[in-house]
Amino acid sequence: MAEILDKVYDPQKIETKWYSYWEEAGLFRARADGASPPYCIVIPPPNVTGSLHMGHALNNTLQDILVRFKRMSGFDALWMPGTDHAGIATQNVVERMLAAEGVNRHSLGREAFIERVWQWKAESGGAIINQLKRLGCSCDWSRERFTLDEGLSRAVREVFVRLYEEKLIYKDDYIINWCPRCLTALADLEVEHDPHDGYLYYIKYPLVGREGSLTVATTRPETLLGDTAVAVNPEDKRYLAYHGAKVRLPVLGREIPVITDPYVSLEFGTGALKITPAHDLNDFEVARRHNLPAIKVIDEEGLMTAEAGKYRGLDRFGCREKIVKDLKSDGLLEKKERYHVPVGHCYRCRTVVEPLISKQWFVAVKPLAEAALQAVRDGRTKVIPAGWEKSYYDWMTNIRDWCISRQIWWGHRIPAWTCKECGQVIVAREDPDACPGCRSSALAQETDVLDTWFSSALWPFSTLGWPDRTPELKLFYPTTVLVTAFDILFFWVARMMMMGIHFMGEVPFHEVYIHALVRDPEGQKMSKSKGNVIDPLDLMAAYGTDAFRFSLAAFAAMGRDIRLSEERISGYRNFANKVWNACRFTLMNLEDYNPAAASEARPLPAVEAWILSRLQQVSRETAARLDAYEFDQAASVLYQFIWHEFCDWYLELIKPRLNDKVDPGARRHCQEVLLKVLSAILRLLHPFMPFVTEEIWQKLPGASGSIMAAAYPEPDGSLVNPEAEEELRLVMETITAIRNLRGEMNVPPASQVEVYLRIGQASSQAALERHRQSLMLLSRLKELHTDAAAIPAAAAKAVVDGVEIFMPLTGIIDFTEEDRRLAKEIEKIGKELAQAQRKLANEDFLAKAPAEVVQKEKERLQSWGEKLTKLKTHRERIKELMG
């Protein structure tokens, strides 16, 4: 016996109920027993400080679709969850809290501060996990990891020590990216470059011992205080006479050499380049080649140092204003030009980054990068879409050593100690008690912590138990696929490739699927500053999680960004309601159906043969699309089949048999197929819309357990029936043509009409005769003639696949009145069209109106034009019928 669904679908009523049921029943847990083929995805761990945004929502919806699909397909599916300790971001959050209390981390001390961060994590760090659950994510929460938990900390330490022992980790002076706000080094990838409107300053450097000067062009005049040379290209004929000369540094008066180096561009500025080794990466490399000193004139807080002379203590930007003023008064500022300057910002706090020389820890990545490059070239890891492989190759080929030390407290503290007595550096798996060289116990541990991405790079194998050889590691590594956004392809994916291959001897994942960005309806990137951020939690509350998830999947076309709007999600809420109402109708018609009772053998009617045949093809195509990560195509296949074939046609076509009081066997046979199809539809739809499908599944006659544990539909080739599909195609197209004629001719919906068919093929005539009842009911006919010899007078006509359709309209519509109505409508639309044309021909309107207003007017013009064409065509047909 079937249970009846509520009249209205209420997502809020069912979502929490079913998520709790799934968790309590242990349905998310991987068995890890080797009895089924493994399927594993590691979640890109969200920051513990994070809140669910659109990027998370898309990324995790796609992962959940895959995991649910594979779990139902018989795989032992492990979706490994966890969060990232997010060193800089988390420390900033807690420091802001302390500031509100009137204290700072330095007054607390390191241990007490770290304790406060752990306390904050315990109280607030689980928000993002609860939001992922709200999204329906079926992660194995029993295995949840944190990048600072005990097991991962052990893995991090083991990796650091091994790389140090292999001489792949070293400490050195180097020019690094420094954030004066976060007071820490940043890796190249943590610097975001944005174009700024700035200036190119042309500054004269007076020659020493001769008349004249050399003019250099720079965007940062404040750094000239740290210049130790002026460089020219040895091939530049303009400066051949100045090789080996000296110039006097403006303002400070220090003498510096003119050097030659092929790095200098002949096209930029004047061709003479100031060299500031302490504050520019390229200048640092030039200085190394020429043994030039490096003079630090900007400190870690962005203030000018004592080496800056009278500018000491000024903010770097304040110094720029002052030094430009002084250069102008000294007659040394030749000119300044507007210039588009790419400026690096800290990816966390958006402060302008300062290049500084500092003692830092580095990973020598080139040996690791080569193996990671080869793995993609060999196809051991496949990047999808393939276009991203070029970006991967370019970055890995030109990779620089990775600065892994950060001057903060929250994170994995670097396991290195320096002996205060003899200076020996000790890197160890366990905290040392004494120096192995001099046996002194006076040891000072490194105060820096590791870059957050260092621990994240180990995620695919550390979460599975490494460095121990656990059963999970053996079974699930390499993982199956990584689903991620392109913006962390280098931050994270490339580094996981390097570390996975180096420490496991195998790639961390067989495939990497890179999805696009979610943008606003106009295609703009969402940002708080633009005020165009759409909160996924609000959308789930308003439209239901299933509609939201299906929307994301439906628009997740490979390689194309998603333009998301509430209107689109509202459309898929209508789809969820359509599914609900169709299933409610179905269950009402299954109230008396007992699946355990024996059924008499009967031939399969054409309608049932058609829907079962289509179901096999939809099952096959949906699975194939998901395996190819074509989420939008899989969603489209299901949407079209469920809405248009199952709801609009199949349920309508079988109503007479469901209501058959004369032949109960026919009704039961119809119920049997209906239940079979509905069961398969729910299972196909479940990975996309888990909540509504579970609610309906629980009401199906004969269903047991959760839909999560039900088998994903396997196509049955014996049920594929091209003849039935062709027959029903003809029937549906004929009904559609008759309905279109009614609409075009403005036939009142309540009016029943006669239709005459002239059919060229006997097989088509036999097929339409077999479906006479459906043609009559669904076309609202009072009479159907399938052997029309003569063409009726004043009949509208349509043709479908060799079948001519005639609909006599005498007495149904008033031709004269309809002609008059159409004439008035054509006149009205013509005026609207002319008005839109005048607007778009107005240069003043085009110049002043916002782009979206102009676009809307163009769309109106197109719409009026199409409508006018249809009205004119219809009027011509009416005139023909009038004779």
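Predicted model: local features only at pLDDT ≥ 70, side-chain atom pairs only at ≥ 80, totals over all residues.

Me: OK, helices. At what angle do H3 and H5 pack?

Reply: About 100 degrees, with the axes of H3 (residues 87-100) and H5 (residues 110-124) 10 Å apart. That makes H3 roughly perpendicular to H5 (the word covers 65 to 115 degrees; under 35 is roughly parallel, over 145 roughly antiparallel, the rest oblique). Axes are lines fitted to C-alpha atoms, for helices over the stretch in contact, and angles run from 0 to 180 degrees between N-to-C directions. Helices (H or I, at least four residues) and strands (E, at least two) are DSSP runs, numbered from the N terminus.

Me: Which residues make the contact?

Reply: From H3: Thr-90, Gln-91, Val-93, Val-94, Glu-95, Met-97 and Leu-98. From H5: Phe-113, Arg-116, Val-117 and Trp-120. Contact means heavy atoms within 4.5 Å.

Me: How do those divide by class?

Reply: Seven are nonpolar, two polar and two charged. Ala, Val, Leu, Ile, Met, Phe, Trp, Tyr, Cys and Pro count as nonpolar, Asp, Glu, Lys and Arg as charged, and the others, Gly among them, as polar.

Me: Switching to sheets. What is the strand order in the one with E5?

Reply: E6-E5-E14-E16, an open sheet of four strands with antiparallel pairing. Two strands pair if DSSP finds at least two bridges between them. E6 (184-186) and E16 (402-403) are the edge strands, each pairing on one side only.

Me: How many bridges between E5 and E14?

Reply: Ten, joining residues 169-179 of E5 to residues 354-363 of E14. Trp-178 has Glu-354 as its bridge partner in E14. Helix H8 (residues 281-290) packs on this sheet and touches E5 and E14. The direction of H8 makes about 140 degrees with that of E5.

Me: And the sheet with E26?

Reply: That one is also open, with four strands in the order E27-E26-E29-E28 and mixed pairing. Its edges are E27 (781-785) and E28 (795-800). The twist averages 20 degrees from one strand to the next. E26 (residues 753-759) and E29 (residues 803-808) run antiparallel, joined by four bridges. Leu-757 stands opposite Ile-805 in E29.

Me: How many cavities of 30 Å³ or more?

Reply: Three. A cavity is a set of points, on a 1 Å grid over the protein atoms alone, where a 1.4 Å probe fits but cannot get out; lining residues have an atom within 4 Å of a point. Grid points are joined across faces, edges and corners, and a volume is the space filled by probe spheres set on the points.

Me: What lines the largest cavity?

Reply: Residues including His-85, Glu-190, Tyr-347, Arg-406, Trp-410 and Asp-451. H3 and strand E21 (449-450) each supply at least two lining residues. By class, the lining has six nonpolar, three polar and three charged residues.

Me: Last one: where are the cis peptide bonds?

Reply: One runs from Ile-384 to Pro-385, with omega near -5 degrees. Pro-385 is in the loop between E15 (382-384) and H11 (388-397). Another joins Tyr-477 and Pro-478, with omega about 0 degrees.

How values were computed: Residues numbered from 1 in each chain as written. Heavy atoms only, no water. 1 Å grid on protein atoms, 1.4 Å probe; cavity = no way out; pocket = protein on both sides within 12 Å on 5 of 7 lines; lining within 4 Å.
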